[in-house]
Amino acid sequence: AIQNKNRTPKTHTQQQPIMTDPAAALEAQIKAQGDKVRAAKAAKASKDDITALVGELLKLKADYKTLTGKDVPGAPPAKQQGKQKSKPAPAPAPEAGVTRLGLEAKKSEDLAAWYTQVITKSEMIEYYNVSGCYILRPWSFAIWEAIQAWFDAEIKKLGVDNCYFPMFVANSALEKEKTHIADFAPEVAWVTRSGQSELAEPIAIRPTSETVMYPSYADWIRSHRDLPLKLNQWCNVVRWEFKHPQPFLRTREFLWQEGHTAFATRKEAEDEVFTILDLYHGVYKELLAIPTVKGRKTEKEKFAGGDFTTTVEGYISATGRGIQGATSHHLGQNFSKMFDITIEDPNSTTGDKLFVHQNSWGLSTRSIGVMVMVHGDDKGLVLPPRVAKIQVVIVPCGMTDANKAEVQAHCEALEKSLCKAGLRASADMRMNVTVGWKFNAWEQKGVPVRVEIGPRDMKNQQVVAVRRDTGAKVTLKNENLETNLQDLLNTIHDDMYNRALVERDNAMVVVNEWKDFCSNLDQKKIILAPFCG
């Protein structure tokens with residue numbers, strides 16, 4: 001059994017399942033039930049199931065009002081007799097022959113609904129029966145694999161080795177670094193039972209791994225010859241968020257990499273912080289076609305227990321707000337002093353000890369959510385070519401009974417040729433859906449290039465290539481087709497990046513006076529301003 005052990009409760013997160021305040025306990029139940037209702041609606045559960053969930057939610061709200069005499073905080077006020085507003089007209093039913101397979105929400109009008117529809121209808125995410133946890137389907141996991149492959153190769157060039165540490169943390173280890181864990185305490189999930197038996201000591205599930213790894217570092221590092229120690233692990237972590245879980249962006253379990261390194265000198269450690277930050281910038285620029293701003297967090301926002309935190313931040317034009325992309329922390333000697341990670345001073349004749357200098361750095365699947373929001377449009381997902389599971393989809397067109405076999409064979413041969421050339425290509429040979437249906441489906445899934453081939457194209461030894469990002473069509477000859485398609489994919493990547501860069505830079509302003517600060521924020525601007533710390 002897993003429960004949240006919150007030693008410093010915060011009323012806005014409601015992580016503690018066992019509460020002495022009945023009102024707070026009811027409010028937590030209401031929020032959890034609300035999550036269930038939203039998940040059921042997003043997953044298109046049956047009407048009966050949704051009605052049952054809504055009924056339970058209304059009952060909990062009624063119980064809360066009976067107990068406190070007030071509505072649930074944040075809930076709309078109860079309707080007053082004689083002042084009932086007319087209900088808005090229901091959304092019109094689709095016309096005959098029109099399906100609801102496409103997006104129904106617009107990015108500029110309802111970002112939250114649009115985002116949910118994009119990630120579900122493109123088959124990136126499936127909702128799970130534990131609120132705040134989600135299934136990453138192959139279409140999204142392929143993006144994470146592409147990020148893994150690129151970043152893993154880059155850190156190995158720096159001498160970083162991969163490893164794996166257990167996900168469970170002893171309570172004694174967490175208590176050892178109270179300053180560090182204080183920020184995570186409201187989010188820590190605890191294992192308290194084995195079967196029906198209570199554990200002698202609760203065991204935490206890692207929210208991050210400093211307290212998991214550093215006792216071993218203390219055993220492994222004895223001399224300056226043992227340094228630098230550079231380890232990374234690809235793993236999951238659990239942070240029991242109650243603040244409106246959102247797939248990819250804020251989830252209770254997520255995938256990430258976390259690097260933990262130790263050095264003999266502060267300069268070595270600080271140099272690595274910025275080297276890793278450049279690599280995170282590279283992930284967003286070279287793979288996801290997203291410009292980021294590299295910077296340093298404030299003292300209040302920095303990593304708990306660290307000396308300073310650096311970050312790459314993206315810009316979401318639909319909200320006019322920044323979003324954290326990845327962080328690289330310099331921990332100084334804070335953790336080495338706590339866990340007694342020392343080396344003998346090579347310049348000392350009396351055996352003096354030196355505490356090592358440490359860093360930690362991490363990038364998570366949040367990056368996929370950032371990509372969706374930056375590039376997606378009202379047709380669905382728009383995938384940068386370098387992370388797309390399928391870069392080129394081939395769709396046979398204009399087939400008749402007389403030429404069907406010939407056109408299909410040509411498409412299958414082209415698929416093999418492109419794959420052999422290193423492109424990720426797939427021919428859509430389904431016969432149970434129309435060509436137009438295929439066009440819409442692959443647009444919704446964000447495939448960068450659609451190649452159309454019909455009898456006339458075969459006769460003219462050409463194909464028609466359609467870009468997902470702009471909708472532009474270009475005719476390409478069969479000769480050097482593989483090279484020309486690869487060039488087109490590179491052009492698409494560059495164009496996507498440059499569009500996002502122009503959009504961000506057009507929203508960036510310098511503010512020197514407080515009177516201009518809030519007004520620019522309201523205009524969805526990114527603000528560069530003096531800050532006293």
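## Close-ups of a predicted model

**View 1. R504 and its neighbour D505 joined by a salt bridge.** The side chains of R504 and D505 come together in a salt bridge, 2.9 Å from N to O. As this is a predicted model, take the distance as computed. R504 counts as buried at 11% relative accessibility, while D505, at 37%, is partly exposed.

View 2. Helix 14 (residues 481-506) gives the largest share, three residues. By type, the lining splits into five nonpolar, one polar and two charged residues.

**View 3. A salt bridge between R468 and D377.** The closest N and O atoms sit 2.7 Å apart. This pair ties together distant parts of the chain, 91 residues apart: R468 is in the loop between strands 19 and 20, and D377 in the loop between helix 10 and strand 16. R468 is buried at 7% relative accessibility; D377 is partly exposed at 23%.

View 4. K267 is exposed at 57%, and D271 partly exposed at 41%.

**View 5. Strands 11 and 12 side by side in an antiparallel pairing.** Nine bridges join residues 308-316 to residues 321-332, with F308 opposite H330. Both strands belong to an open sheet of seven, ordered 4-8-9-15-12-11-10. Strands 4 and 10 are its edges.

Notes: Residues are numbered from 1 along each chain as its sequence is written. This is a predicted model: local features need pLDDT of at least 70, side-chain atom pairs count only at pLDDT 80 or more; totals for chains, interfaces and linings use all residues. Side-chain values use heavy atoms; hydrogens and water are left out. Two strands pair if DSSP finds at least two bridges between them. Helices (H or I, at least four residues) and strands (E, at least two) are DSSP runs, numbered from the N terminus. Ala, Val, Leu, Ile, Met, Phe, Trp, Tyr, Cys and Pro count as nonpolar, Asp, Glu, Lys and Arg as charged, and the others, Gly among them, as polar. Buried means under 20% relative accessible area, exposed over 50%, partly exposed in between (1.4 Å probe, protein chains only). A salt bridge is a side-chain nitrogen of Lys or Arg within 4 Å of a carboxyl oxygen of Asp or Glu.
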